[in-house]
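Please look over the sequence and the structure below before reading on. The paragraphs that follow lead through one part after another.

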Amino acid sequence: MSLSHLLNLPSLQQKLRSAGYESLEEILSSNLTEIVQDLHLSSEEQKQIFRVVNTERREREVVDQNEEFKSISTHSRNIDALFGHGIPPKRITEISGESGSGKTQLCTQLAVNSLGLETGECIYIDTEGSFKVPERVSNIQDLNRLHVFRALNYTELVALINQLPNILETYPDTKIIIIDSIAFHFRINVLSKNERNRMLDHIGSSLYKLAKQNNLAIVVSNNVTREEEASAWVPSLGSSWGNWCNHRLFLYRKRLYRYAYLYKSDPRATRPVQFCIKGHGIADPEEDELEEDTIWAV
């Protein structure tokens, strides 16, 4: 989450930005005592940063206690293990990758799997017009719990996100909200960079609150871009969007093999794991489908 939404001391915000800290995730993964010493924080600044960090850690402990039962499986044990037990509630999870990497297939799999969670419901926002009802959702009861909305442009997308609190009152058993994709309507230069960032900040803030208040998972797919011509692929939309994502799952292909890893995360979770897309959906590879020397989670 963006630090400007958590910290109200301008001096503290400035010190953290100057030291390269842009999100709460980066602070949580660092040594807080060293941050206090290195940045020469005042007593007031120390109180605020410790309060914010301790509050977030307590919330995560509560989530972790129930995560195994509330998380939504990707249908791949390898990918689930990157998160602990699958896609967690009360979090925004981004799925990024090049075209053909499996983003939409994974989003569809999560939609199907969420329907099996205590007669759960799914809200699926399709911005690309690519959603097709999976063959695995064959009975009317399941279809009635899969609620698909089409957003034709960024104005409709923002309006739909603003209406989500009311939509959730109509569908109170919703376990997951999926947006496929967040980047589609922002690829065309119809907005200035500042306008786009303000709009993405509003979307991120709205989704973050919905996830927390309603104990549900938020999943968004994203495209990739290159920061420089010769650099590696990275998730698009920049830090104004990325700071809102608690987890960023990056998908890629290597010849015939598919891989996933958590982007800019704990080093243990950044190691790629292999997965497959089969007729019945997302799956782990069989032994004869593994690439030699593949590192995969257990």
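Helices (H or I, at least four residues) and strands (E, at least two) are DSSP runs, numbered from the N terminus. This is a predicted model, in which local features need pLDDT of at least 70 and side-chain atom pairs count only at pLDDT 80 or more, whereas totals for chains, interfaces and linings use all residues. Residues are numbered from 1 along each chain as its sequence is written, and side-chain values use heavy atoms, with hydrogens and water left out.

Which residues of H8 are buried? They are Leu 157, Val 158, Leu 160, Ile 161, Leu 164, Ile 167 and Leu 168. Helix H8 itself covers residues 154–170, and at 1.5 Å a residue its 17 residues should span 24 Å, which agrees with the 24 Å between its end C-alpha atoms; the expected span is 1.5 Å times one less than the number of residues. At Leu 164, H8 bends by about 50°, and a proline, Pro 165, follows within four residues; the bend is the angle between axes fitted to the seven residues ending at a residue and the seven starting there. The N-terminal end of H8 is capped by Asn 153, a side-chain oxygen of which lies 3.1 Å from the backbone nitrogen of Thr 155.

Turning to E4, six of the seven residues of this strand are buried, so E4 is largely enclosed by the rest of the structure. Strands E2 and E4 run parallel and are joined by six bridges, and Ile 123 has Ile 177 in E4 as its bridge partner; two strands pair if DSSP finds at least two bridges between them. Four bridges join E4 to strand E5 (residues 217–222), and these two also run parallel, with Ala 217 in E5 as the bridge partner of Ile 176.

Some backbone angles also deserve attention. Most residues other than glycine have a negative phi, and most peptide bonds are trans. The peptide bond from Asp 180 to Ser 181, however, is cis, with omega near 5°, and Ser 181 is found in the loop between E4 and H9. His 40 has a positive phi of about 50° although it is not a glycine, and this residue is exposed, with a relative accessible area of 66%.

Definitions and conventions: Buried < 20%, exposed > 50% of the residue type's maximum accessible area, 1.4 Å probe, protein only. Polar contact = N/O pair within 3.5 Å; in protein donor to acceptor, adjacent residues only side chain to side chain.
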